[in-house]
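Visitor: I would like to go through some labels and ask what each one rests on.
Guide: Go ahead.

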Amino acid sequence: MSLNIGVFLGSKLGNDKEILKLITKFSEWLINQSHTLIIGGTDSGLMQLLARQVYKKNCVKAIYTRMAMNPAKQYDFYTELIVVDDSVKKKKIFEEKSDLFIAFPGGVGTLDEIVDIINRNNLQEINKKLFLINEGFYWNKFNELLNFFKSNKFTHENLINSNLIVCSFDQFKLEIKKINAKNKN
């Protein structure tokens, strides 16, 4: 079964060459599995790298805010480009179009988007899995912070539930196999 996978990742390339290799491995996997890439933000950094690689073979849907668009630039590595007025609308469409989410390393924008998904799952406004790909232990500090909130009783016990999965890329692929098997039944 083909999934619409919403991906959060950096608009910069970062300084870790292993992350670039990971994005290439993910794009190859996504293409081989015939999943659709849902991406938002900008056409730079890891986002652009991923979109360009996947667009060669698969559907890529991009949601941009009007402010992130450069009118002089040609956007030619998306199957569908949706332009909205603000980031609130972008998040809503991104969420509606995605069956699940995966987060690779990124900065404040990536953090904002994953915190929003965690919170909306926690409030039971949505019920969608979010995978934080923890290669190189990138998400350890964030995971520690969530556990700190929980241990100090500043959040619900179910904040870290079955919808938030901090894992390696290989573990992610196993989880997707389970989801596909469940959807086939």
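Guide: One cut-off first: buried means under 20% relative accessible area, exposed means over 50%, and partly exposed is in between. The model is a predicted one.

Visitor: Why is Glu-175 called partly exposed?
Guide: Glu-175 has a relative accessible area of 23%.

Visitor: What makes Glu-175 and Lys-178 a salt bridge?
Guide: The closest N and O atoms of Glu-175 and Lys-178 are 3.2 Å apart, and the cut-off is within 4 Å. Both residues lie in helix α6, 3 residues apart, about one turn of the helix. Elsewhere, salt bridges that share partners join Lys-61, Glu-80 and Lys-97 into one network.

Visitor: Which residues does Glu-80 touch, leaving out those up to four places away in sequence?
Guide: Glu-80 touches Val-60, Lys-61, Ala-62 and Lys-97. Glu-80 is found in strand β4, residues 80-84.

Visitor: How do you know whether Glu-96 is buried or exposed?
Guide: The relative accessible area of Glu-96 is 53%. Exposed means over 50%, therefore Glu-96 counts as exposed.

Visitor: What makes Lys-92 and Glu-96 a salt bridge?
Guide: Their closest N and O atoms are 3.0 Å apart, and the limit is within 4 Å. Lys-92 and Glu-96 are 4 residues apart in helix α3, which separates them by about one helical turn.

Conventions:
Residues numbered from 1 in each chain as written. Predicted model: local features only at pLDDT ≥ 70, side-chain atom pairs only at ≥ 80, totals over all residues. Heavy atoms only, no water. Helix = DSSP H or I, 4+ residues; strand = E, 2+ residues; numbered from the N terminus. Contact = heavy atoms within 4.5 Å. Salt bridge = Lys/Arg side-chain N within 4 Å of Asp/Glu carboxyl O. Buried < 20%, exposed > 50% of the residue type's maximum accessible area, 1.4 Å probe, protein only.
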